[in-house]
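Here's a walk through a two-chain model, going from one residue to the packing around it and on to the place where the chains meet. Keep the viewer open as you read.

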Number of protein chains: 2
Amino acid sequence: MELIDGNRISRKIIEELTAEVADLDGIKPAVTFVRVGEDPASVSYVNKKGKVASEIGIESNLQVYPESISESELLAEIDALNVNPSIHGILVQAPLPSQINERTIFNHVLPSKDVDGFNAANLGRLCQEDQDAFAACTPAGIVELIKRSNVETEGKRVAILGRSLIVGKPAALLLLRKGIPGNATITICHSRTRDLPSVTREADILVAAIGSPEFVTADMVKDGVTVIDVGINRVEDSTKKRGYRLVGDVAFDEVAEKCSKITPVPGGVGPMTVAMLMRNTVKALLLARKTIS
Amino acid sequence: MELIDGNRISRKIIEELTAEVADLDGIKPAVTFVRVGEDPASVSYVNKKGKVASEIGIESNLQVYPESISESELLAEIDALNVNPSIHGILVQAPLPSQINERTIFNHVLPSKDVDGFNAANLGRLCQEDQDAFAACTPAGIVELIKRSNVETEGKRVAILGRSLIVGKPAALLLLRKGIPGNATITICHSRTRDLPSVTREADILVAAIGSPEFVTADMVKDGVTVIDVGINRVEDSTKKRGYRLVGDVAFDEVAEKCSKITPVPGGVGPMTVAMLMRNTVKALLLARKTIS
């Protein structure tokens, strides 16, 4: 069994991006993070993204709005970011307060600045296999892990557990594409799937993205499978100082024994998401320059 | 074995739409067909669509451009249609001549007038399970056939043979949705799938959309399967006056023996595509009125 080391791979990507940005003759990619309220997880995620951006040489700017902001006020703020030519990427940190429809906000970000890839236009262009589309960062990270771990996908059976808009569906579209990695036979399963273990046991590659701690057990996979665990779940653990530990959607110890390759949690898909956001930001700058020239 | 009668079901939908349009107090939905050149199949398709529109009470208008039109000229023509408030739907008949990128044209149609559902924004909104999105007409027709034939999809295994942008992918997204029909476990297979018969034999519902005459044989399906045959292929037949006959992607006679339900070719999915185009046009008018009021 080989561990797919997301920390090492994301570190490599960050180094590559740093070199790429250094080659841009002083032109810096610029991303704006939009945060609403003071949710501690959101504060922490945005800080982390800002730190990595700075390391690469990407300018980042943080706009914070009060928890009480209305949807129309937030839309107007995004309008201003959309038309500002010195901003290449816009990331609106989820979750947003309940008075705001997240889909409305994501769809309002200019597609060419939508480095999060949640915009309908980018999802659609992903369906169209448009190379210039922005893919959502977590599924893009999954594909990059697969690619850089030399896991063959062509003609292989891939089971994706979870049909979410931010992971399951775009991951399916990416691995279905004509290309490398791609050309896989994709099965998307979910809460309504009957006899789930018989479906997941068909898979040469299993992507678990359901947000349920240690849901995938050894009886659900076949020998030699590659497992990509997207889940990051907190489970109570009184032996830990902070009172919990992080586990994935996969019961790691028992499943790992049957795997040819598997991602750990933490240190698997997680760090890739931030790296892919940075890659999308550099891509946004390059596409903007191509459009102008 | 029960035949799923697309002629009968599409006829019923056309009657429902006729009644719906009659209830609109004299306001008529209006669709513009854009045809480039004189390809006989395109001429015939557009004529057929115009005839059905007229029967329902939908106004249709045909714009014909010469085979030599440039992409930028065609984009300008579409701009004019996009801003014309008396046009609710725009359909650009494919195929387009080689100097024109079809995807560029489809993506240029205003999403709210994109009754063909080929626009990236509509594909993306389909991913987002937005009820107001326009689904492409053939996959929408497949789903409607399944619904009106009382074929249960929830938790069932659906194999979609073909990953095209106009059938395979949107059909997968539609049957994956939370709803009825929907909630299926979807497998998308294609030319690179290994041991295809073992994959298709898992399916409770098989959607064949690969454009290869009589490709699906009896050994590729399990007993009791429902088969939706999207293919319309011409094969030479000297016993026919016109020199050919139409067959689907399924070897009908041998596969039908194992089916609980199956669509014939012709008379299955084909007539549904036109009916769904009409439904999208009525929907475009209703959405436009909702936006204005």
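Asn7(B) sits in helix 1 of chain B, the helix that runs over residues 6–22. Keep in mind that this is a predicted model. Setting aside its neighbours within four places in sequence, Asn7(B) is in contact with Gly267(B) and Pro271(B). Leu287(B) is another matter: 280 residues separate it from Asn7(B) in sequence, and the two C-alpha atoms are 28 Å apart.

Now for the nonpolar core. The largest one holds 166 residues, and the members that touch the most others are Val207(A) and Val207(B). Pick Val207(B) and look around it. Not counting residues up to four places away in sequence, Val207(B) touches Ile142(B), Val158(B), Ile160(B), Leu161(B), Ala171(B), Ile228(B) and Val230(B).

In chain B, helix 6 (residues 137–148) packs with helix 7 (residues 168–176) at an angle of about 40°, and their axes are 8 Å apart. That angle makes helix 6 of chain B oblique to helix 7 of chain B, since angles under 35 degrees would have counted as roughly parallel. The crossing of these two helices of chain B is right-handed. Which residues make the contact? Helix 6 of chain B brings Pro139(B), Ile142(B) and Val143(B), while helix 7 of chain B brings Pro170(B), Ala171(B), Leu174(B) and Leu175(B). By class, that contact has seven nonpolar residues, no polar ones and no charged ones.

Over in chain A, find Ile180(A), in the loop between helix 7 and strand 6 of chain A. Ile180(A) is exposed because it has 11 other C-beta atoms within 10 Å, and the cut-off for exposed is 12 or fewer. Lys147(A) is 33 residues from Ile180(A) along the chain, yet their C-alpha atoms are separated by 7.6 Å.

Finally, turn to where the chains meet. The contact takes 25 residues from chain A and 25 residues from chain B. On the chain A side, the elements giving two or more residues are helix 5 (120–127), helix 7 (168–176) and strand 6 (185–189). Helix 5 of chain A supplies the largest share of that side, seven residues. Sorted by class, the side of chain A that touches chain B has 10 nonpolar, eight polar and seven charged residues.

Methods: Residues numbered from 1 in each chain as written. Chains lettered and ligands numbered in written order. Predicted model: local features only at pLDDT ≥ 70, side-chain atom pairs only at ≥ 80, totals over all residues. Core = buried A, V, L, I, M, F, W, Y, C linked by C-beta atoms within 7 Å. Buried ≥ 20, exposed ≤ 12 C-beta atoms within 10 Å, placed from the backbone. Contact = placed C-beta atoms within 7 Å. Axes fitted to C-alpha atoms, helices over the stretch in contact; angles between N-to-C directions. Helix = DSSP H or I, 4+ residues; strand = E, 2+ residues; numbered from the N terminus. Parallel < 35°, antiparallel > 145°, perpendicular 65-115°, else oblique. Left-handed = near helix turned anticlockwise from the far one by under 90°. Nonpolar A, V, L, I, M, F, W, Y, C, P; charged D, E, K, R; others polar.
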